[in-house]
Amino acid sequence: MKMSQQIHTNKFNSLLNRKTVIAAILLLLLLSSLQDFLVSSFQDGAFYLGESLLFRSFWLFFPVLIYAQIRILKHFSYLNITQRFFLAVVSIITMTFIHALIFALTVYFYSLLFMDHFYTPNKTFLYTLSEDLLKYLLFYTGTAITLYWKNQPSATLLSPNVLPESFTISNGAQKIIVPIAEIQVITASPPYCLLQTADKKHYHAVTLKSLEALLPPTTFIRVHKSAMVNLLFVKSIKSRGNGDYDISMQNESLVRLSRNYVAAFKKSGLIHSA
């Protein structure tokens, strides 16, 4: 019953947020037209409401394009800080260009179909960049900054002495709880990490480096640049004869121990028993 109420509450809040955004955009559109009217009156010029609304219609495209920007930035939230910063800058420039282009084409086709004269896309494109560039940059930069800080890796939010007992993994609308004590092998499979337990595999949208910071170092150890194992589930170790080893796990998976990580692995006391 409580879960059902929570779902309805979330849907209501989501709907309310959409309505608020739409109302805000429409208000900005009307205020912009009012500004045109006041400027025309002050300069004793002619004011045409239809034309004013047409050239202020760029406001209408913000909700859709900001939503697209958010989806893109969230999809690549697993990137490191430098990569996410670069992606944020690219998204700001790209969304500004797309917005100006869509607006220019909208004005062109509307004027071509419903007005006695038409506005060419190239001139409208240059016009909106010269008149509205600051608005584009403010909105898309604000979105990028918000997502940049919101998607900080969870490792930075936890005290180094406080380690989680499980990971919550999103599988569509489903949330799966994976106890850390049951994980045997973790391998990098960008943009995910594959978590292997005794009989299941789960894809988690994080980097191997961020997971390593959240795992107990006395239990989980890096054996390759793209793999970690839980020492409690190591079944046997066999040398390859070239400095590398093959680690057999209890879930029957075989993991390569790279020669670059052998020295650290020896501290576990398992290497000489092979």
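Helices here are DSSP runs of H or I, at least four residues long, numbered from the N terminus. The model is predicted.

**View 1. Phe114 and a nonpolar surface patch.** Phe114 belongs to helix α4, which covers residues 81-114. Its relative accessibility is 60%, so Phe114 counts as exposed. Phe114 is one of the residues that make a nonpolar surface patch of about 1,100 Å². Other members of the patch include Phe97, Ile98, Leu101, Ile102 and Leu105. Phe109, Tyr110, Leu112, Leu113 and Phe118 also take part.

**View 2. The largest nonpolar core.** This core holds 26 residues. Phe62, Phe103, Tyr136 and Tyr140 touch the most other members. Two or more residues come from each of α1 (2-42), α2 (49-55), α3 (62-75), α4 and α5 (121-150). Helix α4 gives the most, with 8 residues.

**View 3. Contacts of Tyr136.** Sequence neighbours within four places are left aside here. Tyr136 is then in contact with Phe58, Phe62, Thr96, His99, Ala100, Phe103 and Thr128.

**View 4. A second core.** A separate core has 16 residues. Val223, Val229, Val234 and Met249 are among them.

**View 5. Lys225 in a loop.** Lys225 sits in the loop between β6 (220-224) and β7 (227-230). With a relative accessibility of 66%, Lys225 counts as exposed. Beyond its neighbours within four places in sequence, Lys225 is in contact with Leu208 and Tyr261. The C-alpha atoms of Lys225 and Ala188 are separated by 8.5 Å, and these two residues are 37 residues apart along the chain.

**View 6. The Pro190–Pro191 peptide bond.** Most peptide bonds are trans. The bond that joins Pro190 and Pro191 is cis, with omega about 5°. Pro191 is found in the loop between β3 (185-189) and β4 (192-196).

**View 7. Backbone of Glu252.** Most residues other than glycine have a negative phi. Glu252 is not a glycine, yet its phi is positive, about 75°. Glu252 lies in the loop between β9 (245-249) and β10 (254-257). Its relative accessibility is 62%, so Glu252 counts as exposed.

**View 8. The Arg240–Asp246 salt bridge.** Which residue forms a salt bridge with Arg240? The partner is Asp246, and the closest N and O atoms are 2.9 Å apart. Arg240 counts as partly exposed, at 43% relative accessibility. Asp246 has a relative accessible area of 19%, which is under the 20% cut-off. Asp246 is therefore buried.

View 9. The side chains of Arg256 and Asp244 meet in a salt bridge, 2.9 Å from N to O. Arg256 lies in strand β10, and Asp244 lies in the loop between β8 (234-239) and β9. The pair therefore ties together parts that are 12 residues apart in sequence. Asp244 also meets Arg259 in a salt bridge, at 3.2 Å from N to O. Arg259 is in the loop between β10 and α7 (262-266), so this pair ties together parts that are 15 residues apart in sequence. Shared partners join Asp244, Arg256 and Arg259 into one network of salt bridges. Is Asp244 buried or exposed? Asp244 is buried, with a relative accessible area of 2%. Arg256 counts as partly exposed at 35% relative accessibility, and Arg259 counts as partly exposed at 46%.

Conventions
Residues numbered from 1 in each chain as written. Predicted model: local features only at pLDDT ≥ 70, side-chain atom pairs only at ≥ 80, totals over all residues. Heavy atoms only, no water. Buried < 20%, exposed > 50% of the residue type's maximum accessible area, 1.4 Å probe, protein only. Patch = residues over 30% accessible without salt bridge, like charges linked within 9 Å, V, L, I, M, F, W, Y side chains within 5 Å. Areas by Shrake-Rupley, 256 points an atom, 1.4 Å probe, with all protein chains shown as cover. Salt bridge = Lys/Arg side-chain N within 4 Å of Asp/Glu carboxyl O. Core = buried A, V, L, I, M, F, W, Y, C linked by side-chain atoms within 4.5 Å. Contact = heavy atoms within 4.5 Å.
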